[in-house]
Amino acid sequence: MALILGGDREAEKVFVDRHLDWASAYARRCHAGDLSEDVAQEAIMKLLARPPFDPRYSSIRPYLRVVIRKKSLSARFRKRLEPLSREARLVDPRTSPSQAVARAKQLSAANKAIARLPTPQRLVVRRRAEGLSYGEIARLTGRTEASERALHQRALTKLRRQLRRFLPP
């Protein structure tokens, strides 16, 4: 700790090299997702800027655990999943106004149907739409790949039932 307080850049670099991988892995376990490396870097930067003087922390890692958990939680709240309202990118400029209105109605109905899904199903649908594999989603949520697959299938069944008027016969 004295090395950190001394402002020695080389010692700080050694400290960061020593703890960054562990901090990133812990942030992933705290469900920070794709922000885990950012959360870990922020926690280490906070430690370097203002080291704890609490006698409970005889080691740095308990302090980092607390900071990473808090930063992971706030990162998850900051990164709310956006609704699928990207009509500008989804609508072809050559479409007629009536087709654009129909497409907007479809997107609105899809957003409402997705919002009505239970949270685990809604999250797996969104993460699959973002391009994550079932294995990646399972690592983020702490569930098995098979359960993520089953959640996704149940969600798609519910969505098909709710949106059948928009689906071709």
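Start by selecting W22, which is buried at a relative accessible area of 16% (buried means under 20%, exposed over 50% and partly exposed in between, with a 1.4 Å probe and protein chains only). The model is predicted, so local features need pLDDT of at least 70 and side-chain atom pairs count only at pLDDT 80 or more, while totals for chains, interfaces and linings use all residues. Residues are numbered from 1 along each chain as its sequence is written, and side-chain values use heavy atoms, leaving out hydrogens and water.

A search of the whole structure gives one aromatic pair. That pair is W22 with Y26, stacked at 5.6 Å centre to centre with 10° between the planes. Rings of Phe, Tyr and Trp (its six-membered ring) pair if their centres lie within 6.5 Å; planes under 30 degrees apart count as stacked, over 60 as edge-to-face and the rest as tilted. Both residues belong to helix α2 (residues 9-29), four residues apart, about one turn of the helix. Helices (H or I, at least four residues) and strands (E, at least two) are DSSP runs, numbered from the N terminus.

Stay in helix α2 and pick E12. E12 is buried, with 13% relative accessibility. Its C-alpha is 10.0 Å from that of M45, 33 residues away along the chain.

Next, the salt bridges, of which the structure holds three (a side-chain nitrogen of Lys or Arg within 4 Å of a carboxyl oxygen of Asp or Glu).

- Select K71 and E42: their side chains meet at 3.7 Å, N to O. K71 is in helix α4 (residues 60-78) and E42 in helix α3 (residues 36-49), so this pair ties together parts 29 residues apart in sequence. K71 is partly exposed at 22%, and E42 is partly exposed at 35%.
- Select R143 and E148, bridged at 2.8 Å, N to O. R143 is partly exposed at 34%, whereas E148 is buried at 0%.
- Select R149 and E145, bridged at 3.1 Å, N to O. Both lie in helix α9 (residues 145-162), four residues apart.

Move to R128, whose charged end sits over the ring of Y134, 4.2 Å from the ring centre (NZ of Lys or CZ of Arg within 6 Å of the centre and within 35 degrees of the ring normal).

Finish on helix α6 (residues 97-116). Its 20 residues reach 29 Å from first C-alpha to last, close to the 28 Å expected at 1.5 Å a residue (1.5 Å times one less than the number of residues). Colour its buried residues: L107, A109, A110, N111, A113 and I114.
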